[in-house]
Amino acid sequence: MDGDRIVHDESNDSRPDETGVISVLHPCLPPVDALVPYLRRIDASRTYTNWGPLVEELESRLCRLLRLPPDALVTASSGTAALVGAILASAGRAQPGKPLAAIPAFTFVATAVAVEQCGYQPYLVDVDPDTWLLDATRLQEHMLIDRIGLVVPVGAFGRPVHQEAWLAFRARTGIPVVIDAAASFESFAQDSARCAGDIPAALSFHATKSFATAEGGCVITTDPRLSRSIEESLNFGFYSNRRSNCASTNGKMSEYHAAIGLAELDRWAEKSTMIEVTVERYRERLHLAGLDDRFVGRPVVASCYALYRCASLAEAARVQDVFRRSDIEFRFWYGAGLLEQPYFSNLPHDGLEHTKRLAPLIIGLPIAVDLSSTAMNRIATALQAAAERR
Ligand SMILES: *Cc1c(COP(=O)(O)O)cnc(C)c1O
């Protein structure tokens with residue numbers, strides 16, 4: 001179907017991107033025509049949610065794409081709901097003697113929101129300066145380990161969080177672990193053998209993520225008992241009957257969102273290749289500017305992020321200034337770290353020197369599957385101007 005194709009027309013380059021605002025992210029979800037066949041199936045089945053046929057098909061096709069055992073993936077209404085479902089099913093609500101959930105300070109607010117919804121007090125731990133991830137071995141020795149009832153490592157910007165170290169942590173400490181792999185869809189696609197396992201991982205299909213259903217998400221676990229409990233936790237504690245069996249929420253994916261997911265899957269290979277090509281052109285353009293060593297993009301992080309690592313706070317200030325003057329949007333995706341968010345500013349925390357140093361230096365550059373050469377030129381020129389005055 002023609003409407004399915006992702007349009008990439010270089011002849012469009014000269015128009016909007018020559019002078020207009022370059023948005024930091026320009027998501028591209030399947031067009032209406034690609035959805036219609038799936039929407040007609042909803043009309044025919046008159047099933048709109050509660051793990052209907054489209055959700056079932058989406059789950060099994062995603063399992064095949066990610067080379068997971070059948071039933072290893074449970075869809076959810078958002079990445080945050082997926083986290084809540086995974087936490088409630090594997091750790092339950094916080095217990096008085098172990099009220100803390102250890103989470104990295106360098107993450108999107110949803111990590112803290114989800115643990116708090118499950119009754120835990122978020123406890124902020126610093127990230128490794130090179131991987132931007134929590135370090136399982138160091139956390140094991142934490143002074144407050146006896147008060148920690150849950151750990152949520154985060155795959156920063158979609159970086160992979162491998163099962164191995166956290167399985168060992170869980171075995172050694174007995175503390176439940178849930179991975180916030182919200183942006184890590186491509187890490188699973190590349191290496192599900194190391195990313196998927198008994199420890200549940202929550203993914204987001206938000207419009208801003210690489211694989212998107214507008215709002216949506218899933219939990220992946222190879223533990224079949226746990227995946228069944230996660231379904232329960234996402235559906236009022238119900239499974240095959242209407243008895244509420246456990247701590248729960250309503251976090252189910254609707255058939256309409258599954259329709260978007262199925263259409264997104266139909267073109268995933270094409271979308272994935274296209275963003276790969278775009279990111280390579282971006283990197284080459286920055287190479288010409290002598291700045292490619294500052295660029296962090298796919299496949300190190302998810303393809304929905306194009307990050308620029310500034311050398312100093314002064315340089316970061318210059319980059320922001322020149323971007324503002326050039327109508328180039330940018331974003332600090334994780335703000336200045338969780339502790340700088342007003343609502344979370346009183347959270348207990350470790351020393352956070354790496355987070356505090358990293359967060360203001362990692363600037364999200366504009367990215368889109370069809371980011372034009374003209375836009376890349378403007379971005380590279382602006383970055384060069386900011387870098388040259390060193
Ligand atoms: C996107 C994201 C989430 C939240 O996902 P939603 O689908 O928006 O609820 C959680 N954690 C991280 C690290 C994210 O990037």
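A: This is a predicted model.

Q: How many bridges link E1 and strand E7, and in which sense do they pair?

A: As a general idea, strands of a sheet pair through backbone hydrogen bonds, either parallel or antiparallel. Here E1 and E7 (residues 217–220) are antiparallel, with four bridges between them.

Q: What is the order of the strands in the open sheet?

A: Four strands line up as E1-E7-E6-E5, and the pairing is mixed. At the edges sit E1 (73–76) and E5 (179–180), each of which pairs on one side only.

Q: Which strands does H4 touch when it packs on the sheet?

A: H4 touches E1, E5, E6 (201–204) and E7, and its direction makes about 165° with that of E6.

Q: At what angle do helix H4 and helix H9 pack?

A: H4 (residues 79–90) and H9 (residues 224–233) meet at about 120°, and their axes are 8 Å apart. That angle is why H4 counts as oblique to H9. The crossing is right-handed. Gly 85, Ala 86, Leu 88, Ala 89 and Ser 90 of H4 make the contact with Leu 226, Ser 229, Ile 230 and Ser 233 of H9. Among these contact residues, five are nonpolar, four are polar and none is charged.

Q: Is strand E3 mostly covered or mostly open?

A: Mostly covered: in E3 (residues 121–125), four of the five residues are buried. E3 runs parallel to E2 (residues 100–104), joined by five bridges, and Ile 103 stands opposite Leu 124 of E3.

Note on methods: Residues numbered from 1 in each chain as written. Predicted model: local features only at pLDDT ≥ 70, side-chain atom pairs only at ≥ 80, totals over all residues. Heavy atoms only, no water. Axes fitted to C-alpha atoms, helices over the stretch in contact; angles between N-to-C directions. Helix = DSSP H or I, 4+ residues; strand = E, 2+ residues; numbered from the N terminus. Parallel < 35°, antiparallel > 145°, perpendicular 65-115°, else oblique. Left-handed = near helix turned anticlockwise from the far one by under 90°. Contact = heavy atoms within 4.5 Å. Nonpolar A, V, L, I, M, F, W, Y, C, P; charged D, E, K, R; others polar. Buried < 20%, exposed > 50% of the residue type's maximum accessible area, 1.4 Å probe, protein only. Pairing = 2+ DSSP bridges.
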